[in-house]
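Trainee: I have a new structure on my screen and would like to learn how to read it. Could you take me through it feature by feature?

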Amino acid sequence: MNRMTSTRFAVSLLVVATVVGASAATSSVYRPQAAAAAVTAGPHAHLMAYGGRSEAQQRSGVGAKFDAALADLARHASLARPGGAGLADLHAMNPAAHFLVSATSGTAYVAVDAVTRGDPRQLQAALTQLGMRDSKVYLNDVGGWLPLSALDAAAGLSQLHSIRASMSRTRSGSVTSQGDFVMGAPTARTASNVDGTGITVGILSDSYDCYKLYGAPGSGVPASGNQGYAPYGFTATAEDDITSGDLPAATSINILEEDSLGGVTCAYSSNYFLPNGDEGRAMMQVVHDVAPGAKLAFHTAAVTEADFAQGILDLADPAKGNAEVITDDVGYFDEPFFQDGLIAKAINSVNLAGVAYFSSAGNSGSNAYDNTAPSFPINSATPANEKLLDFGGGATSLAVTVPQLQPGEYIAVILEWDDPYVTGAPTSLGAKSQMDLCITGSASGLVTGAQNPDNPNSGSFTGL
């Protein structure tokens with residue numbers, strides 16, 4: 001995942017990154033076979049842009065606390081139909097955000113991470129009063145499920161500095177690992193007589209055994225196809241893997257937290273979000289190949305960043321996971337490029353305690369625009385009193401070719417620059433500058449906003 005730890009450094013001052021993911025609430029899984037097909041697709045597809053602050057929200061001290069996704073939802077979530085039917089409507093407003101609708105009350109929720117400069121427990125209590133469910137606190141961040149109807153009230157809290165939609169994706173694929181052979185692990189096990197015995201390896205990913213629920217009669221979850229939980233044909237459950245020897249005995253596996261949406265484990269809806277891929281169990285299979293004597297522990301990383309960070313600490317806790325080695329394959333779109341964020345700080349914490357930590361970096365490095373010396377020499381006509389970035393040679397726009405996406409896929413456009421975050425650093429002065437990212441169409445296609453009559457395709461990011 002693209003995270004900056006204290007041992008790494010940033011080489012650019014402004015980065016615009018694009019990441020392709022699938023439209024999943026709990027596991028934004030990139031489907032490589034779909035992307036390969038997209039390369040040859042026609043260029044005239046109609047594009048939808050999601051997220052952005054209105055001019056009124058940008059001027060408002062309250063509305064400015066939202067990230068682009070929540071600002072859009074705060075204006076339009078009331079248009080969603082009540083009850084479960086509203087999930088499809090909410091998903092149409094933002095395919096990357098995580099939603100749930102209570103089966104009992106019909107209340108619609110969105111997963112958020114909220115930041116304070118004060119006491120995070122006080123913020124947690126205030127958000128709980130507004131209806132937040134399943135909240136977790138890490139440093140000055142409170143993650144949980146907040147009623148969509150409470151977004152404006154949350155932004156109005158005096159102790160709230162900023163609030164953002166919690167959006168993650170896993171770094172996964174269909175390739176069978178040959179890492180055991182490539183690393184020479186069989187030789188090491190034979191020559192040194194080591195097989196991981198006495199060690200616990202912690203895994204952070206989307207889910208561990210959602211396949212058991214998906215494969216149950218009447219689940220309604222397809223196994224194959226674009227919305228299937230097992231598009232590559234592997235439908236084995238954790239119990240099957242234990243029986244086949246792909247995982248150790250159940251007594252050697254410790255599940256600290258399975259993925260859930262507001263208490264609903266491995267939730268799924270055919271018109272809302274894709275099922276989990278049990279990437280955590282796939283990673284555990286690889287670990288078991290390399291170190292068959294090691295015990296395994298799992299904690300989901302697909303709920304909120306605060307929950308992810310706490311999961312790292314719990315896996316390393318001798319009284320909980322007792323892991324001496326931890327690895328993850330999950331990234332959050334808003335993790336800082338230029339400083340340590342919540343996840344990096346949690347990693348640094350367990351690393352200082354002697355835990356070895358490894359993270360899947362992904363392959364998105366080339367999907368970015370970097371500017372090491374940005375300049376803004378040209379005045380903007382709309383909005384007024386702003387400056388336009390020079391992309392080179394006086395150009396004030398950057399042409400991007402977007403391939404045709406398969407159903408369920410989206411592209412996340414991420415803008416960051418080297419001003420400090422407040423997330424994870426309550427004493428930080430925060431960003432000194434504000435940047436707006438505007439997306440417009442070209443002659444070969446249109447870009448429009450979903451449910452956004454006030455043209456939200458200008459997203460303002462002020463450094464969370």
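Trainee: Let's begin with the open sheet: in what order do its strands run, and is the pairing parallel or antiparallel?

Mentor: As a general idea, strands of a sheet pair through backbone hydrogen bonds, in either a parallel or an antiparallel way. In this predicted model, 5 strands form an open sheet in the order β10-β13-β9-β14-β16, and the pairing is parallel.

Trainee: Which strands stand at the edges?

Mentor: Those are β10 (253-257) and β16 (356-359); each has a single partner strand, so one side of each is left without a neighbour in the sheet. Ignoring direction, neighbouring strands here are turned by 20° against each other on average.

Trainee: What packs on this sheet?

Mentor: Helix α12 (residues 305-316) does, touching β9 (200-205), β10, β13, β14 (325-328) and β16. The direction of α12 makes about 160° with that of β13.

Trainee: Over how many bridges do β10 and β13 pair?

Mentor: β10 and β13 (residues 295-300) pair over 4 bridges, in the parallel sense. Look for Glu257, which stands opposite His299 in β13. Leu256 also sits in β10. Although Leu256 and His299 are 43 residues apart along the chain, their C-alpha atoms are separated by 5.3 Å.

Trainee: Is Leu256 buried, exposed or partly exposed?

Mentor: Leu256 counts as partly exposed, because its relative accessibility is 26% and buried means under 20%. Leaving aside residues up to four places away in sequence, the contacts of Leu256 include Ala297, Phe298, Asp314 and Leu315.

Trainee: Now for the inside. Which residues touch the most other members of the largest nonpolar core?

Mentor: In soluble globular proteins, nonpolar side chains tend to be buried together. Here the largest nonpolar core has 39 residues, and Leu70, Val110, Leu127, Leu146 and Ile163 touch the most other members. Helix α3 (residues 68-76) gives the largest share of this core, 4 residues. Apart from it lies another core, of 21 residues, among them Tyr138, Leu204, Ile326 and Val350.

Trainee: What does Ile163 touch?

Mentor: Not counting residues up to four places away in sequence, Ile163 touches residues including Phe66, Leu70, Val112, Leu146 and Ala154.

Trainee: And how many residues of helix α4 are buried?

Mentor: Helix α4 (residues 86-93) is mostly covered, with 6 of its 8 residues buried. The buried ones are Gly86, Leu87, Asp89, Leu90, His91 and Met93, and they pack against α3, β3 (99-101) and β4 (108-115).

Technical notes: Residues are numbered from 1 along each chain as its sequence is written. This is a predicted model: local features need pLDDT of at least 70, side-chain atom pairs count only at pLDDT 80 or more; totals for chains, interfaces and linings use all residues. Side-chain values use heavy atoms; hydrogens and water are left out. A nonpolar core is a set of buried Ala, Val, Leu, Ile, Met, Phe, Trp, Tyr and Cys residues joined through side-chain atoms within 4.5 Å. Buried means under 20% relative accessible area, exposed over 50%, partly exposed in between (1.4 Å probe, protein chains only). Helices (H or I, at least four residues) and strands (E, at least two) are DSSP runs, numbered from the N terminus. Contact means heavy atoms within 4.5 Å. Two strands pair if DSSP finds at least two bridges between them. Axes are lines fitted to C-alpha atoms, for helices over the stretch in contact, and angles run from 0 to 180 degrees between N-to-C directions.
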